[in-house]
Amino acid sequence: MTLFLQELVVGITTGAIYALIALGYTMVYGIIELINFAHGDIFMISTFVCITIFAAFGITSSSSAPTGLALVGVLLVTLLGTMLICAVLGVVIERVAYRPLRNAPRLAPLISAIGVSLILEDVGKLWKGINFVSFPQIFPEITYYIGPVYITSVNILVIVVALVLMVALQWLVTRTRTGRAMRAVAQDREAAALMGVNVNRIIAITFFIGAALAGAAGLIYGLQFGSTIFVLGFTLGLFAFTAAVLGGIGNLVGAMLGGVLIGVIEALASLIPDSVLPHGGAAWHEAVIFVVLILILVFRPSGLLGQRTPEKV
Amino acid sequence: MSIANTLVPARRDTRALLIKWIVGLLVPVAVFTFVWSGEAIINNALLSLLGTGNVALGISLVVQLAIFILIFYATVITLAGYLVAADSGQRGMIELWIDILVFVVVPLLLVISLGLIIGFALCAVVWPLYFLVRRRVRQALHYTPPPPLQNLRILDAEQRADLMSRAIMGGFWFSIALAVVWLIADLIFYVSGALPTILLISAVIRTLILPVAGYFLGRLAGVIALRRTIAQKNGGNGESDTDRAGRRISKRRQLEELSTTRKREEARDLVPNDLPLRSTGAQRFYLILIVAFVLFYPVIDPFLFGFGTDGRLAGYGDAGYYVILALGLNIVVGFAGLLDLGYVAFFAIGSYAWGIIGSTQLTNILSLPPINQHLLSGLFWPMIIGAALIAAFFGVLLGLPTLRLRGDYLAIVTLGFGEIVPIVFLELDKYTNGPNGIVGVYAPAFPGTNWLSATPYYYLILALIALTIFANIRLRDSRLGRAWIAIREDEIAAASSGINLRNTKLMAFGAGAFFSGFAGAYHAAKLGLVSPDNFSVGDSIIYLAMVVIGGIGSIPGVIVGALAVYSINQFLLAQLDSLAADPSNPLFAIHNAIAHVFPGFTFGNIRNLIFGVLLVVIMIFRPEGLIPSARRRRELHAGADEQAEVGALDVVPGAPGFESEVRI
């Protein structure tokens, strides 16, 4: 039971990161029905951006971390800087690789997205090499015990940052003019355009926000796991997409819920003993998540919170 | 003398045509014969037949070489006759010569001097440059080439006879020109001492035979060209067969009348034609040349590129399984429009199928005494089908849960599948030896062949490719293939037309996976081991790139795409890296400049970057790929033709005036 609760804590923490990435998938899918394969790689790039910004502050894995207000300042600047850079990257990708294909057959933007994903992956490889890159652990790790279960300060930071961003996003989408325009475009692009919504601008904003969230996810991922690598985007992208599908693609709350659920499932999968699966569940966690994806798609393709929509003719 | 009359060009324009094509074709043929190896092949074969040379080739080699040489020159002479007959004479002489220079002679010279892959890679740089320059020059000169023939020209008996005589003249005079050039070249070689005296006899015989052969090959070309003409109808009025009352018109003919676009496309292939080099008639000749070249490649390779035949053949064998994979993936992605990003999984399954059975692995797992190696090796032949069937089974299995999903979900599920299957093989180490892989996989056995050299593998993969291409073409044109294409275009409309979506999609998955099983079994047997490292999910994307770059749904396009991607992937980048390591090479400085900014930069390191850029650029600027299928091109560029089509169809089919309306 203790082990179960402990894995639950781990699961919720990773789940919060997945949720942030899943939001980017779900928003883009909701608005232009495209699986943005490059999204996971934007997240990967963001972890590298974080390391670079830290380095600009003189912080590396070996140097001593700042404390107090300096720490908060560094973290805030890094967070906002990474979000901004990734957001711009997302908008540029949309402008270059997806917008020219707005009216092309469905397969075209999808293949273009795969192309962008390949490009970003190799950019990451050129930038930081082919090995794991260590991420400076600047946030002091304090362990709190709740009964037998422990939770670290980093876990708490991750969950708090993710929560704040999700609440902000929810507010933006449901309470602001831009958010209303986004929902209108997602429902019916042509009708929205007729009502005076600048569709291209709204799509660009969606990419901006989605990529910014991936940027934030990059920072908290680095703080939580302490290392990153150029192929990170692929696996995490797949997990996050599964999360988005689990929650119901196009649904923001669903993506958050799905992300946390996937994180928990992944953590619990590592409890599967060797006798069931050779080498234990941890070696199979990708397979477990994939099976989850298949099961959702077979039994509830609209996801947990999504609505069944008939295909547009 | 009637023959003499047919051989002397009566009209001036015919003479111009003859000069145009004889010069145009003679130059590349001369380059092949004298600069490269045509002459060397013939002389070596003859010398070893006579037993006087210091090179003694086996009799089977000589026979193969002789067949190749005969096919090659006969095809070229016939092609000359065909082109002279099929040319409408609208396009200028110089224009054609420049085209032949850029598209045939330059690649030949580049390949001769730099090798096959670097040569073609440079062509890929030269050709776009040429297009750019040509467009600029044309703009500067305010010149627009006449558009290709737009109407169906009906030939009367006199014109047909003229066509025939032109073909004969083409074959005859081209052969004479070839014979004369060859004789002069041989005399020069003889005087300079490079040619043994005994071969002068063969030169004389050749000079005598060539014109006669040219005459008959020209006749053959004329027959081929005439089959592509539209003859006048018996009634004497070509336009009257649709509206003549009471006459039955075949269904097919009615359908043909309906599509103006198709008509226009067919008009481009009719004889006479403005661009005969690009017509499907001429493409048959290219196909014969390519097939002859590929089939006899192992024997002519030493003459073309010198030592190291075995290594090159091994490389081409590997390129071959990429071709099979691309063709298989093309069924799923190209025909049925289902984006499969996990194709590598089926390839892995096929590999492991033969890997486990074709080694001591299976008997070890079952704790049985090992089976005789010869028996197992012979088992390869049934197992190549077995591996394909196993892969197809998993293809259907993966298809089942994804049937109800839209294309994009499918992409992600297949991506996950491609990620999982290698993990399964890695972790189930009881059966697969995990990360160590299965070693000691047996090669196939076939009486009279030595599987330690690369040649039998070359022919094996050739046979598999031929089988795959044949199956692909038959599938594409079958009822099932048309159903796939219908699904690709509009799933809902297809379902409304009575297509069973579930079965059709499952068949696409199964058929696509089937061919990857071929490739997998071949791969395991050739490499002699199966390791999970050989199957990364990134490879699936590379396979997709082959299909997309070549042309989605186009069989020749996909083959070219696979070869291009394979060359970039396996040879070109490595070659660039080795060139960049040489300080005297200009690439050295470029490499250093980039490596200064990005430490660890090598050309091999950016292969995904290159493919990524290619994918994006092709999707934006040329979504139909390098060599598109006619249907796909029509779909993607429908807009321009739509107006004419609508206008034409305002007239009810069968009504008076309908046909004249359709014949644009």
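1. For the 313 residues of chain A, a compact globule would come out near 20 Å, and chain A has 19 Å, which agrees.

2. A word on the model: it is predicted, so local features need pLDDT of at least 70 and side-chain atom pairs count only at pLDDT 80 or more, while totals for chains, interfaces and linings use all residues. Residues are numbered from 1 along each chain as its sequence is written, with chains lettered from A and ligands numbered from 1 in the order in which they are written.

3. Now to chain A as a whole. Its C-alpha trace spans about 55 × 50 × 40 Å along the principal axes. Chain A has 11 helices and four strands; these are DSSP runs (helices H or I, at least four residues; strands E, at least two), numbered from the N terminus.

4. Next, the meeting of the two chains: 38 residues of chain A are in contact with 42 residues of chain B, contact being C-beta atoms, placed from the backbone, within 7 Å. On the chain A side, H4 (107-128), H9 (232-247) and H11 (285-299) each supply at least two residues. H4(A) gives the largest share, 15 residues. By class, this side has 28 nonpolar, four polar and six charged residues. Here Ala, Val, Leu, Ile, Met, Phe, Trp, Tyr, Cys and Pro count as nonpolar, Asp, Glu, Lys and Arg as charged, and the others, Gly among them, as polar.

5. In chain B, have a look at helices H13 (residues 309-335) and H24 (residues 537-550), whose axes come within 9 Å and cross at roughly 75 degrees. The axes are lines fitted to C-alpha atoms over the stretch in contact, with angles from 0 to 180 degrees between N-to-C directions. H13(B) and H24(B) are therefore roughly perpendicular (65 to 115 degrees). Among the residues making the contact are Tyr322(B) and Leu325(B) of H13(B) and Tyr543(B) of H24(B). The contact residues divide into nine nonpolar, two polar and no charged.

6. Finally, Pro107(B) lies in helix H5 (residues 93-114) of chain B. Pro107(B) is partly exposed, with 17 other C-beta atoms within 10 Å. Leaving aside residues up to four places away in sequence, Pro107(B) touches Gly119(B), Phe120(B) and Cys123(B).

Note on methods: Angles under 35 degrees count as roughly parallel, over 145 as roughly antiparallel, 65 to 115 as roughly perpendicular and the rest as oblique. The radius of gyration is taken over C-alpha atoms; the globule rule is 2.2 Å times the number of residues to the power 0.38. A residue is buried if 20 or more other C-beta atoms lie within 10 Å of its own, exposed if 12 or fewer, and partly exposed in between; C-beta atoms are placed from the backbone.
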